[in-house]
Amino acid sequence: MKFVQVDETAIRPAPLSEASVIGWLHKNLFSSWLNALLTIISLYIIYVTVVELWSWGITNAVWTAETRRECFDISIDGACWAGVTQWLDNFFYGRYPREELWRVNLGGLMLILWMAPLWLPRVKGKIFIGLTTVFLYPFLAGYLFAGGDKGIFLQVMVSAAIVCLAANTLHSIIGMLSGRSLPEFLIRTLGKEKASDATQRNILIGLLGIAFAVVFVGQMGTTAVIVPWTKWGGLFLTLVISGIGIASALPIGIILALGRRSKLPVIRVLCITFIELFRSVPLITVLFMATTMLPLFLPEGIVLNKLVQVIIAVCLFSGCYMAETVRAGLQAVPKGQYEAAHTIGLGYFGMMSLIVMPQALKLMIPNIVGSFIGLLKDTTLVSIIGLFDILGMLRAISNDVPWRGLHVEPLLFGASLFFIICFVMSKYSRHLEAKLSAGNNH
Amino acid sequence: MADIGADNPSGHIKPKEPFDFFNDERVRSVFYQVLTACIVGWSAWYLITNTAHNLEVRGMNSGFGFLTSAAGFGTDFKLIEYVPGIGTYGRIFLVGCLNTLLVSALAIIGTTILGFIVGVLRLSNNWLVARLALAYVEIIRNTPLLMQLIFWYFSVFSLLPRVKNSLDISGGAKVMFVNNRGLYTTWPVPGDLFWLTLVAFAIALLGVFALRRWAHKRQDETGQLFPTTLVSIALVVFLPGIVYLSTGSPLGWDVPTLQGFNFAGGANLPPSFLALLIALVIYHAAHLAESVRAGILSVHKGQTEAALALGLRPHRVMVLVIIPQAMRAIVPPLISLWMNVVKNSSLAVAIGYPDLVGLFMQTSLNQAGYAVEIVGMTMAFYMVISLTISGLLNIYNRRVQLAER
C-alpha cells in the first residue's frame, strides 16, 4: 500500500520569525531575558555616547576662533575645533618652512606615482618596480626633503631615480593601454623588432644612457634650500621614520629569520641572541639607548643627529619583530617543499628565494601588515625623546599661547587620523590575503 | 681546515667522490661560521674600544660605584622607604623596579579579566552587544597606546575636580575620593591578633583544596556529586570570620580626611598611576579579546554538538569542553600579551609616573651619567621579567598541550 500525494503543496511564505524585522529582533536582540537586558544596556550606552558626542563635537562646537578663550566665550561646553583647523599645517608638516611645503607634497605624490603601477592591471615587471621603490626612491625623496649641496654620489642617485620614475610612469601608461612593456614598445616604435637581441639591448642601453645624461645635466643647475631635520615634524616625520622602518624591517627580518633557522650553530646563536635581546625590552629603552649610547659607540668625530639615531633604533627593533613573523612563516611551509627544492638541484639560496620564502611571506601577509601597523603606532614614541612627530605636535598645541590647555580636540583628531590609516591598512591586508589564497581554494 | 673534509669523522662510510675542498659542505659551514664569528668579534671589539676611548675623552666615569652614592632627587610615588639626598641610586633602581612591577601586575590582572569578557561578548548571539564589542576592539587597536595614555592623563584626569571638591566615589560613605591629585582610599591597618585571621584564612583555603580533591575522588568512585562550591564558600567565609570576631575585630581603617589643602591618612595613588593603569588595561584587553575570540572559534563545532548530545547543559559544555580546548590556542598569545604589558608600562615616562625608565633611565642618567651601566641595567631588568613570564607560562602551556593525547 502506498500513499502518494498527487497535488503539489502550495508554496508557503517563510515563517514570520525568519523573515520579518520583528523576527530578526527577537532572534538577535531579545532571545532571552538576559539578552534583552544586555540589549537595553547597550542601547543606553550608545544613546548617551552619541548624544554627548554630537552636542559636544558638532552642535556646540566652535569652528572659527583666534584663541581658546574666544572659543569659551562663544560656547562653554563645546569642542574648540578652531585650534585644530588653525594648526592643521603643523600637524601634517611640523615646523617645515611654509614656502617649501610643496617639496613634501611632491615627495608624497612621487611615491604614489611610483607605487601606483603595483596595483594596476596589465603592467609587467612589478617586482622591479617594487625594488626600485625601496632602493632608489629614498635618495630622491631624501634629497627633496633635506636639500642642500649634493655630492657626486647623491647626484648620480637622484638622476637615476628621476629617470627610473619617468620610465616607470611611461611603462605603466603603455602597459595599461597596450599590455606591452616599455622596452617592447620602444623597439616597436623604432621599427627594430626584427633586429637581433644584442642590437635591441644596445639600443635600449643607449636610450637609457641618453635619458640619464639629460637628467644629470639638468639637475646640476638646481639646488634645493637646506631644511634642517630639526624643522621636520608632524605626520610627515612620523611617516618618514615608519616608512624607513617598514622598508628595512623586511630585509633585516628575513636575514635574521634565516640565521635563526640556520644549521650553523654560531650563526644561529648569534641571531637568537640578537632577536631576543631586542624583543624582550621596550622600544623606549632602545630609543634611549640609541640616543645615549650610539654617540659612545662611534669613533670620535662622527656625530649622528638624533633623527638618524632614532631611525637606526627603529630599524633594528622592527627588524627583530619581523624576524619572528618571517620565522613563523618559514615553519608553516611544509617540509616537502624544502626537500623538493633540493631534489631539483637548487642550492640553499635558490631554494629559499624561489621556493620557500615566497610561500612563507604569502602565508604571513596579515601578520606582516599587522607589524607594519604596530610600527606606525610605535613611531609615536619618538615624541618622548624630543622629536616633534605627529604626537609631539598634537601635544605642542597645548603649550602654544593662544591655545593653552587644548588637549582633547587635537588628540581626538590625531586618533581619528591613525584610526583611518591603520584601519584601511588592516582591511587591505585581509583583502590581499583573500586574493592571494584564492589559488589554494580550488 | 682541510682535515675536516679529508678524514671522515665517523669513519664508517668512505666518501665516494674525490674530496673537493671548495665544494665540501662541512668546509663551507666551518668557513661561514668562522667568518661570522670574526666579523661579530671585530665589531664588538671596535665598539668597546670606541666606547672606552670616548668615555676617556669626555672625562666620564664608568663602573657600578655610583649605585652606592646618594641621589639628590625625590619621587612622589614609592613603595619602599626612600629619602632624597640620602637614598642611593641603587635604591632608586629598586623603587623604579617596584613601581613598574606594581603597575604591570595590576594591569595584567585587569587586562586578563576585561579581555576575556570582551572576547566572549564579541561572540555573543546578541547582535548589538557583538557590534559594540567590535567597535571597542577596532577603535582601541587602531590608535597608538601612547596617544591613548596621554588622552587619559591630560583629558580625563586633569579635568577631575580640585582637592576641595573631591568626588566621593564610595557613594556618600566618605571612604574613597577622586580628585586631580589622584585617588585617596581607605586603607586597612592590621591590629594585634590579626595574624590569627590570616592563618584561619590559609587553613580554610587548604581545606577547600582538600575538599575538592576528596569530592572529585568520590565522584569518580561512586558517581555521587557533592555540593563543593557551596561548602567551599561557607568554609572560606565562616572560618576566618569567626576567628576575626572572636579575637575582637583587630583591624582598623585609616580613613582619608580633608585637612587644610590636602587629604591626610589612607592610601594615595597619583593620577599618572591611574591613567597608566587604565590605558594599559583598555589597550591590551582589546588585543586579548581578539585572541580569546580566535581561541574559542578554533574549537570545532562538533565538540559543542557532541557535548550537547552527551546531555551536558550549555553552561557545563562551556566549562568542561570548550574552554579547556580554547585555552590551548589562547595561552601562547596571552604569554606575549603579558610581556607586552610589562614592556609598554615603560610609556609611563611620557606622563611622569616614576617607573624604572622614568626614574633610572631618564632622571638618574641625566644626573649621574654612566649611560652604559644604566641602560644595561634597565634592559637587563626587562629581559629578566620577559624571560621569567615566558618561562612560567611555557611550563603551563606544556601541561595544557600534553592533555591533548
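Analyst: Happy to. Let's begin with two domains: the centres of domain 2 of chain A and domain 3 of chain A, taken over C-alpha atoms, are separated by 27 Å. The bounds come from an automatic or database domain assignment. This is a predicted model, in which local features need pLDDT of at least 70, side-chain atom pairs count only at pLDDT 80 or more, and totals for chains, interfaces and linings use all residues. Residues are numbered from 1 along each chain as its sequence is written, while chains are lettered from A and ligands numbered from 1 in the order in which they are written.

User: What makes residues of domain 2 and domain 3 of chain A count as a contact, and how many take part?

Analyst: Two residues are in contact if their C-beta atoms, placed from the backbone, lie within 7 Å. By that rule, domain 2 of chain A gives four residues and domain 3 of chain A gives four residues. On the domain 2 side, the residues are four nonpolar, no polar and no charged. Here Ala, Val, Leu, Ile, Met, Phe, Trp, Tyr, Cys and Pro count as nonpolar, Asp, Glu, Lys and Arg as charged, and the others, Gly among them, as polar.

User: How do you know whether A:W114 is buried or exposed?

Analyst: A residue is buried if 20 or more other C-beta atoms lie within 10 Å of its own, exposed if 12 or fewer, and partly exposed in between. A:W114 has 23 C-beta neighbours inside 10 Å, so A:W114 counts as buried. A:W114 lies in helix α7 (residues 101–115) of chain A; helices are DSSP runs of H or I with at least four residues, numbered from the N terminus. Leaving aside residues up to four places away in sequence, A:W114 touches A:T133, A:Y137, A:L165 and A:N168.

User: And why is B:V199 called buried or exposed?

Analyst: B:V199 has 12 C-beta neighbours inside 10 Å, and therefore counts as exposed. The residue is found in helix α6 (residues 194–222) of chain B.

User: What makes B:Y370 stand out in its phi?

Analyst: Phi of B:Y370 is near 55°, a positive value in a residue other than glycine. B:Y370 sits in the loop between α11 (356–368) and α12 (371–402) of chain B. B:Y370 is buried, because 23 other C-beta atoms lie within 10 Å.

User: How do you know how the span of α15 of chain A compares with the expected one, and where does the helix bend?

Analyst: The expected span is 1.5 Å times one less than the number of residues. Helix α15 (residues 283–297) of chain A has 15 residues and reaches 19 Å from its first C-alpha to its last, close to the 21 Å expected. α15(A) bends by about 35° at A:T291, and a proline, A:P295, follows within four residues. That bend is the angle between axes fitted to the seven residues ending there and the seven starting there. Among the buried residues of α15(A) are A:L283, A:L287 and A:F288.

User: What makes a group of residues a nonpolar core, and which members touch the most others?

Analyst: A nonpolar core is a set of buried Ala, Val, Leu, Ile, Met, Phe, Trp, Tyr and Cys residues joined through C-beta atoms within 7 Å. The largest one has 165 residues, and A:F236, A:L287, B:L149 and B:L276 touch the most other members. Helix α8 (residues 271–297) of chain B gives the largest share, 16 residues.

Terms used:
Helices (H or I, at least four residues) and strands (E, at least two) are DSSP runs, numbered from the N terminus.
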